[in-house]
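Reader: Could you walk me through this one, beginning with the strands and helices and then moving on to single residues?

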Amino acid sequence: MDIDARTFFPRGMIQPEGGYRFSLDPLLLACFARVKKSVRMVDMGTGCGVAALAALLRHEATEVPGVSALGLDIDPAMVEAALGNAARLGLEHVFEAQVVDIRQVRTVLKPESFGLALLNPPYRPLVTGLTCGGPERTKARFEAQGGLEDFLDATAWLLANRGAVALVYPAGRLAELLHGLVERRLTPKRLRLVHSRLKEPAKLVLLEAVKNGGAGLTVEPPLALYGRQTGSMGDGGHNGQSAAAHMSAAALEFCPFLACNA
């Protein structure tokens with residue numbers, strides 16, 4: 001274990017050259033997810049492992065016992081990076097990663113074998129937005145090899161009855177997300193909108209759904225990331241390092257990992 005890797009997490013994470021660079025979204029997801037005792041997590045589209053590893057670190061600190069995670073990603077270089085990051089953080093005994101195409105998950109993993117899923121799927125339909133600087137970044141940001149429906153299908157297959165999925169997604173696609181969840185018997189139970197600032201429209205939604213859960217949705221207070229008019233959060237993260245120094249106290253309390261950029 002590298003003590004500095006833990007001290008400065010998520011700074012210094014191994015990320016493949018030319019691949020997708022993670023933003024604040026998986027860090028927010030890790031802090032939103034409720035990790036229960038002895039739960040087995042699956043991180044769908046794990047990338048370099050940041051969401052699952054952040055969740056493990058956060059809940060290790062609160063002494064939640066028996067928690068483990070499996071990261072799934074279509075990119076072998078990302079899986080290799082995720083395993084390397086787990087080793088540096090001293091989490092290799094509770095984190096594994098596999099190369100898996102989400103669309104083929106039924107041929108690889110048993111149904112209902114996880115109690116919690118973390119979901120940070122590609123945000124953009126392939127026909128929208130600017131293209132990325134390489135095929136691996138395109139896979140991570142665009143629905144080039146699996147869109148929202150594919151990720152929700154895989155999640156519904158893998159989650160045990162009454163298991164939960166925690167996810168982060170653009171607020172502008174909330175209606176589509178809710179429809180997809182309900183269609184697969186994943187009942188929305190908890191929702192929080194994330195804004196750059198409270199006077200601005202929400203950019204992201206954090207949402208928890210329960211497989212075959214009962215009725216009732218809790219809408220939590222909105223989360224504003226920034227306290228001054230410097231920098232802004234774009235689609236999939238923040239742009240401009242100066243913004244980190246002005247993150248709101250609420251954002252840092254909710255997700256202490258964000259302080260690494262201040």
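**Strands, a helix and a few residues**

Author: Strand E2, helix H4 (residues 76–88) and strand E3 form a right-handed β-α-β unit, where right-handed means that, with the strands pointing away from the viewer, the path from the first strand over the helix to the second runs clockwise. Helices (H or I, at least four residues) and strands (E, at least two) are DSSP runs numbered from the N terminus. The model is predicted, so local features need pLDDT of at least 70 and side-chain atom pairs count only at pLDDT 80 or more, while totals for chains, interfaces and linings use all residues. Residues are numbered from 1 along each chain as its sequence is written, and side-chain values use heavy atoms, with hydrogens and water left out.

Reader: What does E2 pair with, and in which sense?

Author: E2 pairs in the parallel sense with strand E1 (residues 40–44) over 5 bridges, and with E3 (residues 95–99), also in the parallel sense, over 5 bridges; two strands pair if DSSP finds at least two bridges between them. Leu70 in E2 is the bridge partner of Val42, and Asp73 stands opposite Val99 in E3.

Reader: And is E2 mostly covered or open?

Author: Strand E2 (residues 68–73) is mostly covered, with 5 of its 6 residues buried, where buried means under 20% relative accessible area, exposed over 50% and partly exposed in between (1.4 Å probe, protein chains only).

Reader: How about E5, which strands is it joined to?

Author: E5 is joined to strand E4 (residues 114–119) by 5 bridges, running parallel, and to E7 by 7 bridges, running antiparallel. Val165 in E5 is the bridge partner of Ala117, while Val168 stands opposite Leu206 in E7. Because 9 of the 12 residues of E5 are buried, the strand is largely enclosed by the rest of the structure.

Reader: Switching to H7, which of its residues are buried?

Author: In helix H7 (residues 174–183), the buried residues are Leu174, Leu177, Gly180 and Leu181. They cover an arc of only 130° around the axis, taken from the directions from the helix axis to the C-beta atoms, which puts them on the same side of H7. An α-helix has 3.6 residues a turn, so residues three or four places apart point the same way.

Reader: What do those buried residues pack against, and which ones are exposed on the other side?

Author: The buried residues of H7 pack against helix H6 (148–158), strand E5 (159–170), strand E6 (186–195) and strand E7 (202–211), with contact meaning heavy atoms within 4.5 Å. On the other side of H7, Ala175, His179, Val182 and Glu183 are exposed. After H7 comes Arg185, whose phi is positive, near 60°.

Reader: Where is Pro222, and what does it touch?

Author: Pro222 lies in the loop between strand E8 (218–219) and strand E9 (223–224), and, leaving aside residues up to four places away in sequence, it touches Arg192, Leu193, His195 and Leu198. The C-alpha atoms of Pro222 and Arg192 are separated by 5.8 Å, although the two are 30 residues apart along the chain.

Reader: Last one, is Asp25 buried or exposed?

Author: Asp25, which is found in helix H2 (residues 25–32), counts as buried because its relative accessibility is 2%. Its side chain makes a polar contact of 3.3 Å with that of Ser23, a polar contact being a pair of N or O atoms within 3.5 Å, where within protein one must be able to donate a hydrogen and the other to accept it, and residues adjacent in sequence count only if both atoms are side-chain atoms.
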